[in-house]
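Here's a quick tour of a single chain, starting from one residue and zooming out. Have the viewer open as you read.

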Amino acid sequence: MKLIYILAAVLIFGVLVAVHELGHFLAAKLCGVRVNEFSIGMGPTVWKRKRGETQYSLRVLPIGGFCAMEGEDDDSADPRAFGRAVWWKKTIILCAGASMNFLTGLLILVILF
């Protein structure tokens, strides 16, 4: 029985991470920042598909995820790099993950009540 609770917790955590990263992804796309990869999970890749400039992937361990934007970790000459975006676009992109988690919680409360 405890295994069911552990699996449910991992699944719920995975969904919350996916929603969080989706917030960063959508905001980056709307702000014109290049997204190189959007991934759910960590570790080795189980499935991947490239559409346009973005690679979408699903990984083995459902304990995280990421939205890899161009120029996020290092300097990039790409004019659409995260590091070259104006400050307010960076702020929107960075706050979008937490905002999506907040909206998800609000939606759950509305559904429950």
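## Around Val-35

Leaving out residues up to four places away in sequence, Val-35 touches Phe-25, Ala-28, Lys-29, Glu-53, Thr-54, Cys-67, Ala-68 and Met-69; a contact here means heavy atoms within 4.5 Å. Val-35 sits in strand S1, which covers residues 35-51.

Val-35 counts as buried because its relative accessibility is 0%. The cut-offs are under 20% relative accessible area for buried, over 50% for exposed and partly exposed in between, with a 1.4 Å probe and protein chains only. As for Leu-106, it lies 71 residues from Val-35 in sequence, and the C-alpha to C-alpha distance is 28 Å.

## Ground rules

This is a predicted model, where local features need pLDDT of at least 70 and side-chain atom pairs count only at pLDDT 80 or more, while totals for chains, interfaces and linings use all residues. Numbering starts from 1 along each chain as its sequence is written, and side-chain values use heavy atoms, with hydrogens and water left out.

## The whole chain

The chain has two helices and two strands, and from the N terminus they run α-β-β-α. These are DSSP runs numbered from the N terminus: helices are H or I with at least four residues, strands are E with at least two. Along the principal axes, the C-alpha atoms fill a box of roughly 55 × 35 × 20 Å.

Of the 113 residues, 29% are buried. Among contacts with a separation of 6 or more, 49% come from residues 24 or more positions apart.
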